[in-house]
Amino acid sequence: MINEVINLMAECLEKEPGEIKATDEFREYEEWDSLAYLSVIAAIDDNYGLVIPIEDFRSCRTVQALADYVMAHKG
Amino acid sequence: MSYLKFENIGIKAIAGVVPKRQIDNRTYTHFMSEKDVKTVIEMTGIAERRFADENTCSSDLCIAAAESLFTETGIDKNEIDVIIFVSQTPDYRTPPSSMMIADKLGLGKEIGAFDINLGCSGYMYGLQVAFLYASQSEIRKVLLLNGETKSKAYSKKDKATSLLFGDGGTATLIEKIEQENPTIMSMHSNGAGYKFILMPAGGYRYPSSVESLKEKIYPDGSIRTDEQGSMDGEAVFNFSITDVPKDIKSTLEAARLDWDQIDYFVPHQANRFITNHIAKKFKISSEKVLYSLQKYGNTSSVSIPLTLVDHFGNRKIAEKSLVLMCGFGVGLSWGTVITDLNGCRMCGVKEL
């Protein structure tokens, strides 16, 4: 799951997967903005049939936390 | 709430009007960098918009649209018994604009007139009310007007909204007609999300004051006053891709239809990223999805009827045209309408 979410994040942010680590706080990335948010939420919905409620997403700080959340809630 | 079903009531005609003044988003770089503007355009699909001049109100756009509808269809306007004006940019806080519009259109004193304060779901709610009136035996024709001058309501220095909204007006005529397919409608609301699209000041909770007119700088660098509209794009996006598809799916089921039977999908023209995502969820073939946002932007409750007249041009539809429309936005509020436009006289989009 963590690798899938890293790849998804890389695609949305137009970064190389190697540039993304599980422990990264993704909001710190230079590429992170509201459009990146839309891309990530949409990509998670496309891939896992899951729209993460905004409060839950805001509580996910790291890439790992996001991957754990998707793992626990995907359909 | 449950679904409304109407038989032998339909949309008889639609006319659209947009202001002459064209805004090219690609050169709208006074506040954001060229690169950022390009990224936003790629995401939203909104390349151009129309802005009304300072003397033109939503009501003026709607009057022009109604006159265009009268001219093109040749209907007897004395048969209009009810006029409904849906807008968030009326002429005054009071009185409502619908009475003045009825007067200017020469519709006489027998007509019932009222305003509905709604945004992007306003065509759905407006159609519901119009169809309910039209279903009364004594009511002959209902005129539904949707008008917005959102360009005047949002800050030009707000990153979340400055490249989205455009102005326009439409007139829709609803009356009893013979129809093969019934019309099905849903409507929903969730006031817990009232803050997501909000103009905080200028009402009676926070009256206009020196404070409300001060420009404030927000964490993303956006600058706006409390009199101007604000939007939490992330929250609105989440709502648009959860509650809205759920409603579309259940309305389609209530109508006992599947996507193969739907000829056109006309979502509110919020932005292409949202509408593409919804269309993709349902695997709707792209030629069925109608767009006008590349030319007119997000025109709030005007966007769906404007997209219809823009697509069909100036002609009468003479074939089965089952359309699924869905509006969603401020309130929060949303709804879906499935109706057959066979026999509808489209009057095209004119400039004012």
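This is a predicted model: local features need pLDDT of at least 70, side-chain atom pairs count only at pLDDT 80 or more; totals for chains, interfaces and linings use all residues.
**View 1. Inside the largest nonpolar core.** Start with the big picture: this core has 110 residues, and B:Ala66, B:Ile83 and B:Leu145 are the ones that touch the most other members.

**View 2. The surroundings of B:Leu145.** Skip its neighbours within four places in sequence, and you'll find B:Leu145 in contact with B:Cys62, B:Ala66, B:Ile83, B:Ile84, B:Phe85, B:Val86, B:Ile101, B:Gly169 and B:Ala171.

**View 3. Where α2(B) packs against α3(B).** Helix α3 of chain B covers residues 97-104, and its axis lies 10 Å from that of α2(B), at an angle of about 40 degrees. That angle is why α2(B) counts as oblique to α3(B). The crossing is right-handed. On the α2(B) side, look for B:Ser59, B:Cys62 and B:Ile63; they meet B:Ser97, B:Met100, B:Ile101 and B:Lys104 of α3(B). Sort the residues of this contact by type and you get four nonpolar, two polar and one charged.

**View 4. Chain A meets chain B.** Here 10 residues from chain A and 11 residues from chain B make up the contact. What does chain A bring to it? Helix α2 of chain A (residues 34-48) gives the most to the side that touches chain B, with seven residues. By type, that side of chain A has eight nonpolar residues, one polar and one charged.

Definitions and conventions
Residues are numbered from 1 along each chain as its sequence is written. Chains are lettered from A and ligands numbered from 1 in the order in which they are written. A nonpolar core is a set of buried Ala, Val, Leu, Ile, Met, Phe, Trp, Tyr and Cys residues joined through C-beta atoms within 7 Å. A residue is buried if 20 or more other C-beta atoms lie within 10 Å of its own, exposed if 12 or fewer, and partly exposed in between; C-beta atoms are placed from the backbone. Two residues are in contact if their C-beta atoms, placed from the backbone, lie within 7 Å. Helices (H or I, at least four residues) and strands (E, at least two) are DSSP runs, numbered from the N terminus. Ala, Val, Leu, Ile, Met, Phe, Trp, Tyr, Cys and Pro count as nonpolar, Asp, Glu, Lys and Arg as charged, and the others, Gly among them, as polar. Axes are lines fitted to C-alpha atoms, for helices over the stretch in contact, and angles run from 0 to 180 degrees between N-to-C directions. Angles under 35 degrees count as roughly parallel, over 145 as roughly antiparallel, 65 to 115 as roughly perpendicular and the rest as oblique. A crossing is left-handed if the near helix is turned anticlockwise from the far one by less than a right angle, and right-handed if clockwise.
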